[in-house]
Amino acid sequence: MARQASQMIAFTKAMSHGQLPVPVEPTASPVADQCKIRFRGLRKDFTAGSRIFTALDEINLDIANGTFFVIVGPSGCGKTTLLRMLAGLERPSAGTIECARSGSARPRMSMVFQGDAIFPWMNVWDNAAYALKLRNVPAGEIADVVGHFLDRTGLTRFAKAYPHQLSGGMRQRVSIARAFANDPEILLMDEPFSALDEQNKTLLQEELLRIWDETKKTVLFITHSVDEAVTLGDKIMIMTAHPGRIKELVDVPFERPRKVIDLRAQPAYGELVFRIWGYLRDEVQQARLQSECRLEGKSGA
Amino acid sequence: MNVQAGSPDFVTVASTSAKRRMSLGFGSAVTDRIMTLVSPLALLVVWELAGRAGLLDQRYFPTPSTIFSALHALAVSGELWSHTKASLLRLALGFLVGGIPALAIGIFMGLSRPIRLVVDPLIAATYPVPKSAILPLLLLIFGLGEGSKIAMVAIGVFYPVAINTTAGVLTINKVYFEVGTHFEATKWQVFRTIAFPGALPLIMTGIKLGAGLGLVLIALAEMVGAKQGLGYMIWNSWELLAVDTMYAGVLTIAVIGFVLTVFFNEVERLLVPWNRTS
């Protein structure tokens with residue numbers, strides 16, 4: 001057990017407020033053998049003027065290797081903050097995030113950002129190759145890998161096109177190709193399809209499932225759509241309204257490979273969506289009440 | 001019920017575009033470029049006609065045809081070319097001397113808040129000083145030779161390029177820098193793949209403004225203590241009361257300005273193919 005603990009490396013630590021990182025207790029459960037990401041006592045505060053606002057609190061969580069892990073929660077529950085801490089864009093206020101050491105030279109994680117985050121000044125090919133070029137991967141290898149993922153995302157014909165010439169769905173495909181081409185151990189996806197129309201969303205979900213079935217990477221996927229969570233995920237975490245805490249962890253029993261439309265036709269699918277909505281409804285209502293209170297407070301002042 | 005087109009019950013709200021018919025089969029890019037030539041040519045025609053009709057005093061406003069023949073004579077003698085070459089060389093050197101540091105400083109100011117806080121007041125305080133007002137100072141420092149001319153252009157180019165480059169970096173969406181951070185780009189990689197290309201549309205604006213200002217300043221600087229250059233040619237022809245030559249010099253500068261604008265627009269088309277507005 002101590003050996004397992006030493007195999008985990010902390011790559012983000014509490015830095016602000018002078019707190020020491022929380023020591024990690026070795027977990028006894030057999031799942032820990034394959035544990036990929038471990039959150040312990042994670043908290044994130046933001047300061048707005050003189051007020052401290054806790055976005056996330058008491059996150060204790062193990063994510064097993066190869067899991068498609070989906071986080072749903074009301075807006076403002078800190079789910080994006082959680083992902084940003086993993087991606088190295090924010091630091092925890094307390095607690096640790098640890099990641100299993102793999103010994104390979106592959107990058108630890110790649111993120112598909114929310115909305116338009118591909119470079120308008122690079123064509124599709126250069127965007128997809130971006131992370132590989134930064135790491136000085138040999139040109140031949142870049143050509144193979146990028147060619148493969150452009151093919152998988154249906155973008156081969158548009159390799160020389162610039163983002164402004166593409167539709168929103170195609171731009172998001174480029175973003176996905178960029179993250180997959182980097183071949184990370186963990187893939188982070190922050191509401192990647194939220195800006196797309198329903199048809200495009202379904203198509204991209206199918207494509208994502210197909211590519212994911214080939215690679216079986218550990219995925220952390222954030223969404224506000226319960227349908228999307230049930231369609232894609234192995235495990236779904238429902239979060240509370242602010243501060244964001246873990247409310248419920250739900251296993252998704254559906255077999256893979258999945259077909260999005262066939263899956264949605266099953267009665268069990270509807271039941272699961274209904275169950276998750278049950279957990280979520282209270283939180284969404286509470287989030288709405290809180291934001292209404294804030295608005296009233298402002299207009300009253 | 002069949003209703004024929006043009007029946008009183010219906011009004012045409014859309015049909016083959018009238019604009020399309022007007023373009024005479026040219027591609028729209030070609031039409032755009034031709035359009036930019038129309039207005040300067042129209043001005044020359046009006047001027048010529050007004051001169052011949054006696055509406056303009058020939059002592060002050062010789063007709064374009066007289067100016068062109070003076071220009072032709074100067075070109076044949078080689079005098080025009082030697083003056084133009086001297087001015088263009090100073091312009092090019094001044095452009096490099098002023099533009100390259102401006103680009104670097106602008107990008108550093110855009111990327112680093114501390115650098116911006118330190119450098120910005122200096123730029124804000126010196127920018128409004130008329131560049132012509134410091135010509136005597138430059139003559140004092142660099143002498144009557146090439147140095148003072150090049151310095152004049154360099155100072156003129158520096159400000160628009162530096163200010164626009166800073167603004168260009170600051171307008172880049174924060175998410176692109178986060179992508180760089182997330183994929184562990186080094187400082188140099190952030191500069192090369194995000195800050196510079198992202199700021200390029202505004203850098204080009206700065207360069208175009210700088211080119212215009214540089215041309216103004218080179219003509220001015222050459223009027224003092226120079227023995228060559230278009231500014232000298234204009235000043236000298238005033239002293240000799242050779243109005244035709246004076247206009248020939250002014251016209252040459254105008255043409256250089258126009259060619260530079262067209263040139264930089266083309267450069268922009270090549271370098272910034274992703275910018276929808278260009």
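A:Glu191 counts as buried, because 20 C-beta neighbours lie inside 10 Å. The phi of A:Glu191 is near 40°, a positive value in a residue other than glycine. The model is predicted. Chain A holds 10 helices and 10 strands.

**Backbone exceptions**

- Most residues other than glycine have a negative phi, and most peptide bonds are trans.
- A:Glu191 sits in the loop between S7 and helix H7 (198–215) of chain A.
- B:Glu184 is not a glycine either, yet has a positive phi of about 60°.
- The place of B:Glu184 is the loop between helix H8 (174–182) and H9 of chain B.
- B:Glu184 has 13 other C-beta atoms within 10 Å, so this residue is partly exposed.
- From A:Arg256 to A:Pro257 the peptide bond is cis, with omega near -5°.
- A:Pro257 belongs to the loop between S10 and helix H9 (260–265) of chain A.

**Chain A as a whole**

- Of the 301 residues in chain A, 41% are buried.
- Take the contacts in chain A with a separation of 6 or more: residues 24 or more positions apart account for 74% of them.
- A:Arg51 and A:Lys201 are 150 residues apart in sequence. From C-alpha to C-alpha, A:Arg51 and A:Lys201 are 39 Å apart in space.
- A:Arg51 lies in strand S3 (residues 51–64) of chain A.
- A:Arg51 counts as exposed because it has 7 C-beta neighbours inside 10 Å.

**The six-stranded sheet of chain A**

- Strands of a sheet pair through backbone hydrogen bonds, either parallel or antiparallel.
- Six strands of chain A form an open sheet in the order S6-S7-S8-S4-S9-S10, and the pairing is mixed.
- Which strands stand at the edges? They are strand S6 (109–112) and strand S10 (246–251) of chain A. Each has a single partner strand, so one side of each is left without a neighbour in the sheet.
- From one strand to the next, the twist averages 15°.
- Strand S7 (residues 186–190) and strand S8 (residues 218–223) of chain A pair in the parallel sense, over 5 bridges.
- A:Ile186 has A:Thr218 as its bridge partner in S8(A).
- The loop that holds A:Glu191 runs between S7 and helix H7 of chain A.

**Strands S2 and S5 of chain A**

- Strand S2 (residues 35–48) of chain A runs antiparallel to S5(A), and 5 bridges join the two.
- Opposite A:Arg38 stands A:Glu98 in S5(A).
- Strand S5 (residues 94–100) of chain A is mostly covered, with 7 of its 7 residues buried.

**Helix packing in chain B**

- Two packed helices are described by the angle between their axes and the distance between the axes.
- Helix H7 (residues 146–170) and helix H9 (residues 187–222) of chain B have axes that come within 7 Å and cross at roughly 155°.
- H7(B) and H9(B) are therefore roughly antiparallel to each other. The cut-off for that term is an angle over 145 degrees.
- H7(B) and H9(B) make a right-handed crossing.
- The contact of H7(B) with H9(B) involves 19 nonpolar, 10 polar and 2 charged residues.
- For helix H10 (residues 230–239) and helix H11 (residues 243–271) of chain B, the axes come within 8 Å and cross at roughly 160°.
- That angle makes H10(B) roughly antiparallel to H11(B).
- What is the hand of the crossing of H10(B) and H11(B)? The crossing is left-handed.
- On the H10(B) side of the contact are B:Leu230, B:Met233, B:Ile234, B:Ser237 and B:Trp238. On the H11(B) side they meet B:Thr245, B:Met246, B:Gly249, B:Val250, B:Thr252 and B:Ile253.
- The residues of this contact divide into 7 nonpolar, 4 polar and no charged.

**Where chains A and B touch**

- In the contact between the chains, 14 residues of chain A meet 15 residues of chain B.
- Helix H4 (residues 130–134) of chain A gives the most to the chain A side, with 3 residues.
- That side of chain A has 12 nonpolar residues, 2 polar and no charged.

Methods: Residues are numbered from 1 along each chain as its sequence is written. Chains are lettered from A and ligands numbered from 1 in the order in which they are written. This is a predicted model: local features need pLDDT of at least 70, side-chain atom pairs count only at pLDDT 80 or more; totals for chains, interfaces and linings use all residues. Axes are lines fitted to C-alpha atoms, for helices over the stretch in contact, and angles run from 0 to 180 degrees between N-to-C directions. Helices (H or I, at least four residues) and strands (E, at least two) are DSSP runs, numbered from the N terminus. Angles under 35 degrees count as roughly parallel, over 145 as roughly antiparallel, 65 to 115 as roughly perpendicular and the rest as oblique. A crossing is left-handed if the near helix is turned anticlockwise from the far one by less than a right angle, and right-handed if clockwise. Ala, Val, Leu, Ile, Met, Phe, Trp, Tyr, Cys and Pro count as nonpolar, Asp, Glu, Lys and Arg as charged, and the others, Gly among them, as polar. A residue is buried if 20 or more other C-beta atoms lie within 10 Å of its own, exposed if 12 or fewer, and partly exposed in between; C-beta atoms are placed from the backbone. Two strands pair if DSSP finds at least two bridges between them. Two residues are in contact if their C-beta atoms, placed from the backbone, lie within 7 Å.
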